[in-house]
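Subject: Structure for you to look through

Hi,

Here is the structure I promised to pass on. Please open it beside this email and follow along.

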Amino acid sequence: MADFSRPPSEVLEQCLSKGYVGVHIEQGVPVLDRDLNLQHDLVSSTLSSIVSSCVGDGISAGSKVFEIRSIPANPDQPAAESDNDFWILAGNSVSDVCLVGGVEVRNFTKLRYSSQKLPELTTPDPGQGPFREDVVYLDVSMSTVDGSTDKDLLNRGDIGMQTSVRLRPSWVVQVAEGKTEPPAQAPPGHTYLPLALLRRKAGNPAIESQMITDLRRTILPLTEVERQLDLMSRLLLRPYFDPDPLRQVSPVHGPASTPVTLSGRNFNVYAEDMVKVFFGSVPAEVVETTATTIRTLVPKGLPRVTRVTIETAGGSVTSDTVFGLDQGGERPAFRSGAIEFTPRSGGKDVDVTLYGTNFDITSAVWFGTNAMAEIVRLVPEGLVVKVPGGLLGQVPINIATAGGVTTTREPFIVGADPEFAASGAQFTPDTGRAGDRVRLSGRHFDAPPVSVFFGTLSAEVVSVDDELIVVTVPLQAVGPQRIRVMTCVGSAVSDDSFTVVSH
């Protein structure tokens, strides 16, 4: 039997509660067994914690170790021999292990649950309901092996006495009847792992295969863990442009050699000298790099419009915003003091006429920051283009020619104004109290941000889709109220009045 000045498990638990992670032995003092044991136990505990946190608990893919199986009926034995019992399967090799709390647990022998000399399972009682669910779980702890079990520890070949003991994982398969999970609190030094769930009808002592649900988790092999860690690293360290397209590239046009600032994050991952910038496929000179900005110079030989790509050791990213090259000549200009384009709004593929000077058929036109438009034809007063898809709300129109880039003063409105349904079907119910929900019917509602007003009082918007808005009546509202819906495209006021009652 092991002889310790203090139980190692007790010393470890006490030190872990104080946040200790290691032991340093001082010189010129007695060396205590508990100090040496603690040094080992702290290292072992740390490694187990790392494995448990990074890899997890469970079995390798395809393993049968600790699988719970039914015991088939045998005509040569009474049926009761298999009642309230099941098989616990073994692994096929030394490498066939189950990880529990960072500890490798093995089972080389197929055995019955009943062979563990635990309290027998009970037959589900009808008083517990039509079915009873029992969770089967693995209870893992560390056991001490001394010279009474392993004669090599008696050191008979030299000093003839036991000087140390060995530790090895010990396990038992437990069942919590009427529970779907193992006990929440395991005793000190014990770790639980769910193996299976048994679901039996009341009064049925047999455990059949269809009653068993395998709860064992599959852990990833080390190669897959490494792959996922590498993927996570790339996701965390890859460069990103600023989510606001208006901040990604500044300025958004200019001639060759123009200083341009790119904004985002993770631009200086690993090493600044590994950062590369491309305008389209043309490399650009990098002047300065920080974590959130890159200063670069517009290279020569660019197409008229291009996007900017950043490459670092963490990956690459391309801007949403397009950059327009000024190549000299007359700069394009929208009409001043007059309408710059017609119509003022529309959806995908609507023809829009741009009014101005120095436009040409080789111009590049885009709506917003990056939605390139198809150029239809030149007209005496300007250029006709088609509204691109994927837009909603108010966006500026940009045009780039050899002379430079220009942007409209007023935004183009993509989408249609919201509309209520015909009178009599605009909302339900038509009366209610403050706090009640009201359903508004119409179309073109889904153009965020969406606001709803009962008279001048703002209402809480519960949900929105294209033809339906659900709102709650404002608390201060009283009497008949017209309802107004506002989207990023426009607004609409109901023909009918909603009546707010006070009781």
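Which residue in β27 does R377 stand opposite? It is V384. Keep in mind that this is a predicted model.

Strand β26 covers residues 374-379, and strand β27 covers residues 382-386. They pair in the antiparallel sense, with five bridges between them. Two residues lie between β26 and β27, and the two strands form a hairpin.

Strand β29 takes in residues 397-401 and runs antiparallel to β30. Four bridges join β29 and β30. In one of the pairings, N398 has T407 of β30 as its bridge partner.

Last, go to helix α1, residues 8-17. Which residues of α1 are buried? They are V11, L12 and C15. Why do these three share a side of α1? They cover an arc of only 100 degrees around the axis, so they sit on the same side of the helix. Turn to the face of α1 that points away from the buried side. There you will find the exposed residues S9 and S17. After α1 comes G19. The phi of G19 is positive, near 85 degrees.

Have a look and send me your questions.

Best wishes

Key
Residues are numbered from 1 along each chain as its sequence is written. This is a predicted model: local features need pLDDT of at least 70, side-chain atom pairs count only at pLDDT 80 or more; totals for chains, interfaces and linings use all residues. Side-chain values use heavy atoms; hydrogens and water are left out. Two strands pair if DSSP finds at least two bridges between them. Buried means under 20% relative accessible area, exposed over 50%, partly exposed in between (1.4 Å probe, protein chains only). The arc is that of the directions from the helix axis to the C-beta atoms.
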